[in-house]
Amino acid sequence: MKTHFQKVKKFATEKSVKRARATREKRAGWIIKVPGGEYAWANKMQRVDIIRRGLPYDSIEVISKRTDLPIKQVLTIFGVPQTTYNKKKRGEELLSGRDSEVVLLLTELLDFGLEVFNNESEKFQRWLKKPNLSLGGVKPESLFDSVTGIQEVKNALNRLEYGNMA
């Protein structure tokens with residue numbers, strides 16, 4: 001006689017979690033290349049891990065080149081005097097957590113901005129340097145000194161991407 005109960009396979013959550021993590025890690029993320037290595041992240045938790053470990057002072061130069069801003073202006077954003085920067089860079093020291101976070105957020109913002117401007121770097125650089133009505137009439141690059149300012153620039157890029165005034 002047949003029973004109505006069949007053996008049900010137990011769901012293997014471990015396999016599912018591993019598969020999901022592998023898929024998430026394959027997803028496109030962000031990379032910042034500095035002399036001596038590169039840092040890559042695809043989600044906020046990976047970003048937090050990098051922030052806690054700290055980025056090398058060389059990453060400030062990377063941001064300077066990507067934003068097309070003089071190194072002195074970028075150092076002002078980070079509140080670091082030129083002499084301190086030179087000393088810490090020579091000593092291969094790491095940025096503070098806050099400064100590492102700003103570098104990573106700026107990397108994400110710059111990648112997003114290039115995407116919005118169809119990889120037309122010159123147009124994006126011009127946009128960063130022009131006063132913007134949706135940002136209260138200030139230049140987007142002038143807001144790079146705070147996490148909130150970076151988020152506001154990202155919001156303006158979002159509006160621009162979807163056809164709103166920015």
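Author: Let's start with S59, which is found in helix α3. Keep in mind that this is a predicted model.

Reader: Why is S59 called buried?

Author: Buried means under 20% relative accessible area. S59 has a relative accessible area of 0%, so S59 counts as buried.

Reader: What does S59 touch, leaving out residues up to four places away in sequence?

Author: S59 touches I32, V34, L95 and V103. To be in contact, heavy atoms must lie within 4.5 Å.

Reader: And why is N118 called exposed?

Author: The cut-off for exposed is over 50%. N118 has a relative accessibility of 61%, so N118 counts as exposed. You will find N118 in the loop between α6 and α7.

Reader: What makes the phi of N118 stand out?

Author: Most residues other than glycine have a negative phi. N118 is not a glycine, yet its phi is positive, near 50°. D68 is another residue with a positive phi, about 60°, although D68 is not a glycine either. D68 sits in the loop between α3 and α4.

Reader: Which residues have the most contacts inside the largest nonpolar core?

Author: They are I32, I60, F78, W127 and L157, in a core of 38 residues. Several elements each supply at least two residues of this core, including the strands β1 (30–34) and β2 (37–41) and the helices α3 (58–67) and α8 (147–161). Helix α6 gives the most, with 9 residues.

Reader: What makes a set of residues a nonpolar core?

Author: The residues must be buried, come from a list that includes Ile, Phe, Trp and Leu, and be joined through side-chain atoms within 4.5 Å. In soluble globular proteins, nonpolar side chains tend to be buried together.

Reader: Which residues is L157 in contact with, once its neighbours within four places in sequence are left aside?

Author: L157 is in contact with L109, F112, G113, V116, F117, F124 and W127.

How values were computed. Residues are numbered from 1 along each chain as its sequence is written. This is a predicted model: local features need pLDDT of at least 70, side-chain atom pairs count only at pLDDT 80 or more; totals for chains, interfaces and linings use all residues. Side-chain values use heavy atoms; hydrogens and water are left out. Buried means under 20% relative accessible area, exposed over 50%, partly exposed in between (1.4 Å probe, protein chains only). Helices (H or I, at least four residues) and strands (E, at least two) are DSSP runs, numbered from the N terminus.
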